[in-house]
Structures are given as C-alpha cells and as structure tokens.
Amino acid sequence: MSVGGFKTTGHFIIFWETEKAGEKLPFSELRCLRCGRRYRPAKDLYVCRSCGGKLDVIYDYQLIAEEINREKLARRKSGVWKYFELLPLMNRKNIVSLGEGGTPLIPATSLAKELKVKHLYLKDETRNPTSSFKDRPMSVGVSKAVEFGARAVVCASSGNAAVALSAYAAKAGIKCHAFVPAGAPESKVAQLLMHGAHVVQPKERSNGDPTYKLMQESWKKFGWHPIPSGGAFNPYQPEGSKTISYEVCEQLGWQVPDWVIVPTGAGTLLSGNAKGYFEFQQMGLTREVPRLVAIQAEGCAPIVKAFKEGTPPYEIQPWPNPKTVAGGLVDPYPWDADTAIPAIKRSNGTAASVSDAEILEAVKRLARSEGIFAEPSGAAGLAGLKRLLDEGVISGSDIVVVEVTGGGLKDVATAMKMVEKPVMIDSRLEQLRELLVEMGKSGTRILA
Ligand SMILES: *Cc1c(COP(=O)(O)O)cnc(C)c1O
C-alpha cells in the first residue's frame, strides 16, 4: 500500500509528508506516531495496539487536491464540514453537527492601535455552539464514534471539551460520561448536567491527572468510546481543529498570516492548527505556513518549559501543583506535546507563558476594546501577543492572528471578581444626579 506519513528520528516526528498516492478518499489509514505501525480504522482502535502510542490520521493529499481547489471551496457553505475530504469520516450521513465552525476573523482595529500592530485579527471561536473551539473537534469525534456504532462516549476534561462532547452526544442520542476535576467552573458543570451528561468528579488532585486516569481505565472495560480533548486517546477529534487554519487562509484571501497565536494546554489545538496549515501548503493551496506560537499560563506551562529547555516530548514530567485562573489550559501532562513542539519548531514559531494578571488584563481589553467576552483561557493568546510585542519577538508590521478560544459566560465567577459591582439607588432622578456627581469627583466622566 502506498500512503503518506511521518518521518521519524527516534522519538521526534519531523512532520506530515505525503510519499505517494494512497488508495481511497477521504482517508486511508492510521499510523502510530511512536512505533510507526499502520492500521485500518476500526471500532475499538483508538491507540496503537502494539505500543499504546498515539495514532495519526493519514490522508492522500494528491487525491484530495484533485477533488478540492480554491474555487470549489469558495462555493461551499462555511463550517467544519465544508472540508469533508480532509476529515476522517467515511460517510456524510454520520455527521453530527450543531453548526460549528465558520467563525468570523475580525480585524481588531482598536486593539491594533493600542498595541501598535498594523494587522491584527481575532479568530472568534467564542461563536461556536457551546461557546468554545472544542465544538469543532467534538463534532468530528462524535461523528466518527457514531460511524462506529457507539452507544456511549467518555472524556476527561477541565470543562470545555466535556461540555462540547455532552452537547454533541445529546444531538446524536448517545450517552456521555464526563470526568471533570473538582473546582471546574460552575457554569461549565451546569452546561454539562443540562445536556444530560453523567458527571463524575475525582476527589484528589494526585500527581498527574486523575480524570485521565479514570478515563483510560474505564473506556475499554465498559465499551465506551474515548473522546477526550487530547489526541493521545483518539486520533479523530483533533482533526476538527485543522478547520480553523483552513478558514483563516480563506478569510485572508489565501494570504497566510505571519503569526498565529494559540492558547495552549495539552497542545492538541496547536497540533491540529499546524496540521491544517501544512496540509494546505502540501496541496498547493497556500505557499507558506505561519509561525505558530503556544501561549501557556505561568502556573501550568510544561510545553513552554520543554520547548525552551529542549526536553524531548516523551520525557516531559507532569507539572506539579498547577495553578492558574485559565482553567481551560490546565493540562499538567501535555498529551500532545509530541506533535505540538515539532510543529512549533518546524514553523519557526515560539512558546511563551503569561501570568494570571496579564491574562485577566487581556480579558478586559478584549471586552472593552473589541466587544468580545472571553473566558481567561480564551484570552491568553492576546496576553501572549502583548508579551511578545514588548519583547520584540513579534514586530508591529507583522500580520498576526490571535485565536480567542472560549467565551466569558463559561466562567462568570472569575468575571465578577474583575468588575465593580453595580450601585443600588432609589429610582429617583435626584439620587441618580448625586451618584453621577460622586462618580465625577472620583474621575469617572459620566455627563457629556
Ligand atoms: C482546550 C482549550 C484550549 C487549548 O487546549 P489544548 O489542550 O492545548 O488543545 C484553549 N482555550 C480554551 C478555552 C480551551 O478550552
């Protein structure tokens, strides 16, 4: 059989590279990133049978390039499934969709002025059905599980992935089991329960991640299909995140940005984004690939640390005692560092961590200058941009895309701590006047 694949040197994956035409659309097989073994997709095959390694979906880009081109894409309706040929589903009838993807790429004119960058765009992923980009991967993951005849799915998640999974499972009419850490924002847990998920919260925060431990131990035992956020236990769902990159290329009129800044936890989103850009380049749809930037929170930054210190991905140790306001970025063990770090390097990108204070400032900036209400994890990319501009890594004349990955209503408690409470008065004009005078004294311009 002749298919595309990865070149590996020891543990290090150099990258996606098609060798020769494969046999069928839309994709031909899975390949283990650790030991190189190849498989036909099958119902219970979510990790390598031989070494437990992560599987990657291999496509035949030559064949797909005959099928789609810029003009054909321009005529299709926007959204994740617009790129069906580049997604790992065999039959369109299995698509489980809530209208994910096709999000706007917004020119951030006010922020661009504030930060002194010429070309700044925000990819507003808060507009997805459950208000985070995770709807893209979960639409793909659940569709594939449905294609395999799944009756139940399971995930380990700090919130958003579980929420998205529970919504798509509800739409598909299958059961969703979610292992969620204690301390996940109440608004996310409410969403989960409302969609009918069976939510279990492990008590301890042991070294590593107890939610992943439970998921790994339970899925085979109970015949559930694992669809966690990370790609290490499901090769299909990470493919959904490629569509962000496809959209950015199209939305910029096939110009590729200089930088794409990605809030990063386990590295799944960044790995998916990278795959998308490299695929479009390989298919001849674009000439270049943007420099990819991973932004992590200082309180949990294993990928940034490994990138800076040159630690081989499989030797990364779980981050001890993670602590940050950006709960969506807390992945003590970065399951997809083995694809994320090579992608950052290959794209000539970089990685940086930001403090909680910088993240919260970015939340306010987005809300007040651009009208976008993001959760802290969703705004981390903007905090990272500011840091890299200050450090002179990114130049003011570069074309920059910042991904805003999750909406602010997902973490209302944090938002309420950042704002001043509304003032209560009697409903009399005199009291309002007194209040305005008072505010005027403290420097707030109220009266025109
Ligand atoms: C999951 C998530 C990310 C990125 O996480 P990865 O684990 O790196 O894929 C970023 N922002 C938000 C809001 C998220 O929920």
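**Helix packing and the ligand site**

Helices α12 (residues 356-370) and α13 (residues 376-390) cross at roughly 100°, and their axes come within 7 Å of each other. With 65 to 115 degrees counted as roughly perpendicular, that makes α12 roughly perpendicular to α13. All of this comes from a predicted model. On the α12 side, the contact draws on Glu358, Ile359, Leu360, Glu361, Ala362, Val363, Arg365 and Leu366. Facing them from α13 are Pro376, Ala379, Ala380, Leu382, Ala383, Lys386 and Arg387. Sorted by class, the contact of α12 with α13 comes out as ten nonpolar and five charged residues, with no polar ones.

Next up is the pairing of α9 (residues 268-282) with α11 (residues 337-346). Here the helices pack at an angle of about 45°, and the axes sit 8 Å apart. That angle makes α9 oblique to α11, and the crossing of the two is left-handed. From α9, the residues involved are Leu270, Ser271, Ala274 and Phe278, while α11 brings in Thr339, Ala340, Ala343, Ile344 and Arg346. Six residues of this α9 and α11 contact are nonpolar, two are polar and one is charged.

Then there is α5 (residues 160-172) against α6 (residues 186-194), packed at about 20° with axes 8 Å apart. Angles under 35 degrees count as roughly parallel, so α5 runs roughly parallel to α6. As for handedness, the α5 and α6 crossing is left-handed. Asn160, Ala162, Val163 and Ser166 of α5 meet Lys188, Gln191 and Leu192 of α6.

Lys134 puts a polar side-chain atom 2.7 Å from a ligand oxygen atom. Gly265 works through its backbone instead, with an N or O atom 2.7 Å from an oxygen atom of the ligand. For Ala266, it is again a backbone N or O atom, this time 2.8 Å from a ligand oxygen atom.

Conventions: Residues are numbered from 1 along each chain as its sequence is written. This is a predicted model: local features need pLDDT of at least 70, side-chain atom pairs count only at pLDDT 80 or more; totals for chains, interfaces and linings use all residues. Side-chain values use heavy atoms; hydrogens and water are left out. Axes are lines fitted to C-alpha atoms, for helices over the stretch in contact, and angles run from 0 to 180 degrees between N-to-C directions. Helices (H or I, at least four residues) and strands (E, at least two) are DSSP runs, numbered from the N terminus. Angles under 35 degrees count as roughly parallel, over 145 as roughly antiparallel, 65 to 115 as roughly perpendicular and the rest as oblique. A crossing is left-handed if the near helix is turned anticlockwise from the far one by less than a right angle, and right-handed if clockwise. Contact means heavy atoms within 4.5 Å. Ala, Val, Leu, Ile, Met, Phe, Trp, Tyr, Cys and Pro count as nonpolar, Asp, Glu, Lys and Arg as charged, and the others, Gly among them, as polar. A polar contact is a pair of N or O atoms within 3.5 Å; within protein, one must be able to donate a hydrogen and the other to accept it, and residues adjacent in sequence count only if both atoms are side-chain atoms.
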